[in-house]
Amino acid sequence: MSTLPKTLTLDTSTSRANPTPQPMKRLTVPRIRQRKGGGEPLVMLTAYTVRQAQLLDPHCDMLLVGDSLAQVIYGLPHTVAVTMEMMALHGAAVVRGSYHAAVIVDMPFGSYEASPEQAFANASRLLKETGAAAVKVEGGKVLAPTIEFLTQRGIPVMGHVGLTPQAVNILGGYGVRGKSDEEARSIVEDAVAVAQAGAFSIVIEGVLESIAIEITGKVACPTIGIGASAQCDGQVLVTDDMLGMFERVPKFVKRYQDMAGVIDGAVKEYAEQVRSRSFPTDDQIYKG
């Protein structure tokens with residue numbers, strides 16, 4: 001059981017790192033599962049740092065500490081190189097920065113595929129070291145026994161089917177999945193198997209809309225779309241993509257802001273003022 005506090009008592013004099021939390025209960029896995037079908041869709045975004053979590057938490061039902069931090073934080077070409085240490089450190093930071101959303105941590109490539117026992121050892125480590133609510137694993141039918149093993153031993157699992165980035169070397173890229181009848185049928189079967197194994201929700205990524213709609217209608221747990229369908233039970237995006245931090249993003253991403261442009265403009269103005277010696281001004285200097 002995690003020793004991390006669920007309710008934080010914070011020193012407001014260090015508010016940059018620790019905002020005073022509002023009285024609010026954190027969403028639980030059972031409450032998320034109850035949001036299946038018909039009601040208000042679930043909102044999920046990725047988070048990797050304390051400050052990011054603080055800003056996203058009031059608006060999200062779930063925060064995903066995604067292995068997309070490979071590209072977003074570390075500049076790696078894909079998620080295969082992500083380590084348990086990375087996920088544990090960033091997961092703990094996001095839990096510290098949030099008090100409302102349920103935090104889910106991606107299990108990195110190589111940490112769960114070998115056996116259910118390996119998966120349990122690594123998943124339990126992540127929950128202990130981060131205080132997160134659940135872990136997420138990529139894969140379908142082949143991973144159903146592992147998901148069942150974990151859930152029966154007290155570890156909530158979010159599934160992930162369709163385009164699975166950890167399998168990029170097998171898939172040969174990040175293209176839309178399910179274009180052939182055979183592949184579409186296999187993706188649906190994957191989702192059903194994952195749900196029956198006990199997953200409390202399933203991310204459906206990068207598939208034809210008809211596949212996402214079919215899966216959403218067939219499984220008893222909420223589906224979370226990313227490049228799938230508005231008819232899923234919720235949606236997720238990589239936060240840095242939707243904020244416009246990168247020039248190149250997947251086709252399915254909507255940019256809600258041009259934060260790269262905002263930052264560029266602010267840094268340019270700062271640099272100009274430093275070089276012209278107009279910053280800092282007298283009222284910004286401690287004179288003793």
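1. Isoleucine 263 sits in helix H11, which spans residues 259–275; helices here are DSSP runs of H or I with at least four residues, strands are runs of E with at least two, and both are numbered from the N terminus. Its relative accessible area is 40%, so isoleucine 263 is classed as partly exposed, a class lying between buried (under 20% relative accessible area) and exposed (over 50%), computed with a 1.4 Å probe and protein chains only. Together with Met245 and Val267, Ile263 forms a nonpolar patch on the surface with about 230 Å² of accessible area. Such patches take residues with over 30% relative accessible area and no salt bridge, joining nonpolar side chains (Val, Leu, Ile, Met, Phe, Trp, Tyr) within 5 Å and like charges within 9 Å, and the areas come from the Shrake-Rupley method with a 1.4 Å probe, only the protein chains shown counting as cover for residues.

2. This is a predicted model, in which local features need pLDDT of at least 70 and side-chain atom pairs count only at pLDDT 80 or more, whereas totals for chains, interfaces and linings use all residues. Residues are numbered from 1 along each chain as its sequence is written, and side-chain values use heavy atoms, with hydrogens and water left out.

3. The sheet is a barrel closed by 8 strands in the order E1-E2-E3-E4-E5-E6-E7-E8, with parallel pairing; two strands pair if DSSP finds at least two bridges between them. On average, neighbouring strands of this sheet are turned by 25° against each other, direction ignored. Axes are lines fitted to C-alpha atoms, for helices over the stretch in contact, and angles between N-to-C directions run from 0 to 180 degrees.

4. Strand E4 (residues 134–136) and strand E5 (residues 157–162) run parallel and are joined by 2 bridges, and lysine 136 stands opposite methionine 158 in E5. Helix H8 (residues 181–196) packs on the sheet, where it touches E5 and strand E6 (201–205), and its direction makes about 175° with that of E5; contact means heavy atoms within 4.5 Å.

5. Aspartate 190 is buried at 16% relative accessibility, while glutamate 189 is partly exposed at 38% and lysine 141 is partly exposed at 37%.

6. Within helix H5 (residues 116–130), arginine 125 and glutamate 129 are 4 residues apart and therefore separated by about one helical turn, and their side chains meet in a salt bridge of 3.0 Å, N to O. Arginine 125 is partly exposed at 25%, as is glutamate 129 at 39%. Elsewhere, Arg35, Glu40 and Asp61 are linked in a network of salt bridges, and the count of salt bridges comes to 9.

7. Serine 68 belongs to the loop between strand E2 (62–65) and helix H3 (69–72). With a relative accessible area of 17%, serine 68 is buried, and, leaving aside residues up to four places away in sequence, serine 68 touches Thr46, Tyr48, Thr79 and Val238.

Conventions:
A salt bridge is a side-chain nitrogen of Lys or Arg within 4 Å of a carboxyl oxygen of Asp or Glu.
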